[in-house]
Amino acid sequence: MAKPIVDEDVCIGCGTCESICPDVFKLTDDAKAHVQEADYEANKDEIQESIDACPVNCITWEE
Ligand code: F3S
């Protein structure tokens with residue numbers, strides 16, 4: 001199953017991904033989005049929306 005990954009060196013902590021898909025993306029104290037254990041298949045539309053919406057394009061699908 002494909003899983004999203006966040007390049008934390010590039011993430012600026014804008015929070016867009018978390019607001020679109022809070023089951024998967026969570027901002028932590030370091031102001032970086034982290035990928036939670038979740039049902040990625042069930043959330044795939046929201047994950048793709050987050051990928052498309054991230055202002056610095058730091059979310060990708062890991063195969
Ligand atoms: Fe970071 Fe992009 Fe989310 S900048 S907080 S991964 S929308």
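Me: Leaving aside neighbours within four places in sequence, what is phenylalanine 25 in contact with?
Reply: Phenylalanine 25 is in contact with Pro4, Val6, Cys17, Glu18, His34, Val35, Ile47, Ser50 and Ile59, contact meaning heavy atoms within 4.5 Å. The model is predicted, with local features needing pLDDT of at least 70 and side-chain atom pairs pLDDT 80 or more, while totals for chains, interfaces and linings use all residues. Residues are numbered from 1 along each chain as its sequence is written, and side-chain values use heavy atoms, without hydrogens and water.

Me: Which residues have the most contacts inside the largest nonpolar core?
Reply: They are Val6, Val24, Phe25, Ile47, Cys58 and Ile59, in a core of 13 residues. Such a core joins buried Ala, Val, Leu, Ile, Met, Phe, Trp, Tyr and Cys residues through side-chain atoms within 4.5 Å; buried means under 20% relative accessible area (1.4 Å probe, protein chains only).

Me: Turning to the ligand, which residues are the closest?
Reply: Cys11, Gly15, Cys17, Cys54 and Cys58 are the closest of the 13 residues that surround the ligand, counted by a heavy atom within 4 Å.

Me: How does that shell divide into nonpolar, polar and charged?
Reply: The shell has 10 nonpolar residues, 3 polar and no charged. Ala, Val, Leu, Ile, Met, Phe, Trp, Tyr, Cys and Pro count as nonpolar, Asp, Glu, Lys and Arg as charged, and the others, Gly among them, as polar.

Key:
Buried < 20%, exposed > 50% of the residue type's maximum accessible area, 1.4 Å probe, protein only.
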